[in-house]
Number of protein chains: 2
Amino acid sequence: MQRVEDAAEPLEPVGRREQNKIDTRRAIAEAALTLARTKGAGSFTVDQIAARAGVSRRTFFNYFHSAEEALNVSTESFLELAISSFSRRPAGEPLLDAMIAALAATAKVQDLAVHGELFRMAAGSPELLRAQLHAWERAEARIIEAVTHHLQGGASPLYVSALVGSVLSCAKAAMHDWAADDPDRHGDAGAALEERMVLALSMLRDGFAHPA
Amino acid sequence: MQRVEDAAEPLEPVGRREQNKIDTRRAIAEAALTLARTKGAGSFTVDQIAARAGVSRRTFFNYFHSAEEALNVSTESFLELAISSFSRRPAGEPLLDAMIAALAATAKVQDLAVHGELFRMAAGSPELLRAQLHAWERAEARIIEAVTHHLQGGASPLYVSALVGSVLSCAKAAMHDWAADDPDRHGDAGAALEERMVLALSMLRDGFAHPA
DNA sequence: ATATTTCTTGCACAGTGTGCAAAATTTGGC
DNA sequence: GCCAAATTTTGCACACTGTGCAAGAAATAT
């Protein structure tokens with residue numbers, strides 16, 4: 001495992017302990033992704049990931065519960081970013097508009113190619129798919145919490161969870177659709193995904209009345 | 001494993017082979033459910049399930065890929081029923097109405113108590129949760145297929161998958177909400193769930209405009 | 001009754017996930 | 001700089017998972 005030593009960053013008081021953990025996590029995630037690309041999802045072992053990351057098998061399990069979880073750091077960071085983007089929307093803004101804006105903004109920023117890859121990989125690997133679904137589920141719970149807090153008890157739990165679930169389903173649908181004809185990336189990936197996100201969420205906003 | 005021999009059913013030409021497999025599957029699923037109830041989800045082994053079902057460990061794996069999958073036969077049969085109910089809706093009917101009707105009808109028929117249990121169990125067992133999410137995902141794919149076929153290419157893939165995903169999210173939200181204050185069942189469970197299904201899907205139909 | 005197909009079982013084997021205690025590393029006080 | 005405390009890594013043991021394979025058992029066809 002190689003530690004990145006360049007460009008000292010005294011801005012944050014991050015001790016070597018913390019930094020080492022971050023590096024280790026990254027190294028493991030990268031190793032997993034590389035193996036998934038070369039050998040195919042689900043066709044490699046934890047030992048191989050650990051070896052490639054320069055870490056013991058046991059240490060791997062200190063960071064992740066399974067090989068698939070290590071592949072999902074990208075997905076999780078995407079959702080993480082979307083959540084924080086949403087929580088920074090103006091307070092008075094209509095819910096759906098805030099969510100559309102947050103997701104669209106996140107789609108622009110992120111390193112998207114990896115997400116397309118992961119979506120496609122998941123199609124052929126049940127374990128990976130389950131892990132991804134789980135990641136989305138955890139994000140959903142957090143968003144529900146955020147929205148509930150944002151609405152200050154002004155809506156029923158059913159309303160909130162149905163809404164958030166629907167929004168995320170649309171986002172997922174957009175990513176699937178985008179990932180599907182992705183293989184040969186042409187033009188701006190961020191724009192293409194953002195467009196689909198907005199499109200799907202607009203459909204949601206008018207109750208799927210028009211089979212566009 | 002006990003085979004049910006009573007009430008001969010000469011109506012369907014179901015050979016003993018087929019019948020045995022059905023019985024075995026049932027026996028395993030029941031054994032798993034019983035163990036989940038007594039020892040808690042995720043706190044028992046495949047060997048225990050197999051033993052209780054009167055089957056070898058190896059045979060268990062001929063029927064299910066994991067202990068959690070054995071717990072999900074209820075969930076799968078629920079979704080199975082919903083799908084077949086949907087596919088029997090009149091052809092001209094608006095999509096959302098057809099889906100609302102199908103899900104509501106299914107909510108009435110099914111043995112609901114078990115689903116509430118499973119939803120609550122999943123909250124404390126990541127493996128079970130993943131398996132449930134996976135079951136819903138598979139159902140979603142099948143429904144997307146059915147709807148696509150039903151629409152005869154009259155809608156974009158994005159539209160269909162966003163719609164179906166949203167509908168299922170609402171159904172899931174309804175079941176969660178229903179399962180949450182379920183512990184002491186009061187009155188008609190089917191009616192209570194159906195009401196929430198219709199409510200959530202109505203919200204969806206008008207684009208979540210009113211935070212009811 | 002017997003040949004054939006299908007299902008069950010035991011066994012082997014590679015891999016998973018976790019508790020535990022002994023190194024190894026980082027941190028903080030002196 | 002040096003030592004003690006806190007934290008992280010690692011090896012090891014162990015129970016359990018999931019699957020291929022071949023032999024045995026049961027159902028079906030002839």
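A residue counts as near a molecule or strand when one of its heavy atoms lies within 4 Å of it. Everything here comes from a predicted model, in which local features need pLDDT of at least 70, side-chain atom pairs count only at pLDDT 80 or more, and totals for chains, interfaces and linings use all residues. As for bookkeeping, residues are numbered from 1 along each chain as its sequence is written, chains are lettered from A and ligands numbered from 1 in the order in which they are written, and side-chain values use heavy atoms, with hydrogens and water left out.

By that cut-off, DNA strand D is surrounded by 21 residues, and the closest are Arg17(A), Thr59(A), Arg16(B), Arg57(B) and Arg58(B). Sorted by class, the surface near DNA strand D has four nonpolar, nine polar and eight charged residues (Ala, Val, Leu, Ile, Met, Phe, Trp, Tyr, Cys and Pro count as nonpolar, Asp, Glu, Lys and Arg as charged, and the others, Gly among them, as polar).

Now for individual atom pairs. Arg57(B) goes for a base instead: one of its polar side-chain atoms lies 2.3 Å from a base nitrogen of DNA strand D. Two or more residues each come from α1 (16-39) and α3 (57-63) of chain A, and from α1 (16-39), α2 (46-53) and α3 (57-63) of chain B. The largest share, four residues, is down to α3(A). Helices here are DSSP runs (H or I, at least four residues), numbered from the N terminus.

Then there are the rings. Over all chains, the structure holds six aromatic pairs (ring centres of Phe, Tyr or Trp, the last by its six-membered ring, within 6.5 Å; planes under 30 degrees apart are stacked, over 60 edge-to-face, the rest tilted). Phe60(A) and Phe64(A) have ring centres 5.9 Å apart and planes at 40 degrees, so this pair is tilted. For Phe60(B) and Phe61(B), the centres are 5.3 Å apart and the planes at 90 degrees, so that pair is edge-to-face. Ring pairs also tie Phe60(A), Phe61(A) and Phe64(A) into a cluster. Both Phe60(A) and Phe64(A) are buried (under 20% relative accessible area; exposed is over 50%, partly exposed in between, with a 1.4 Å probe and protein chains only).

Conventions. Polar contact = N/O pair within 3.5 Å; in protein donor to acceptor, adjacent residues only side chain to side chain.
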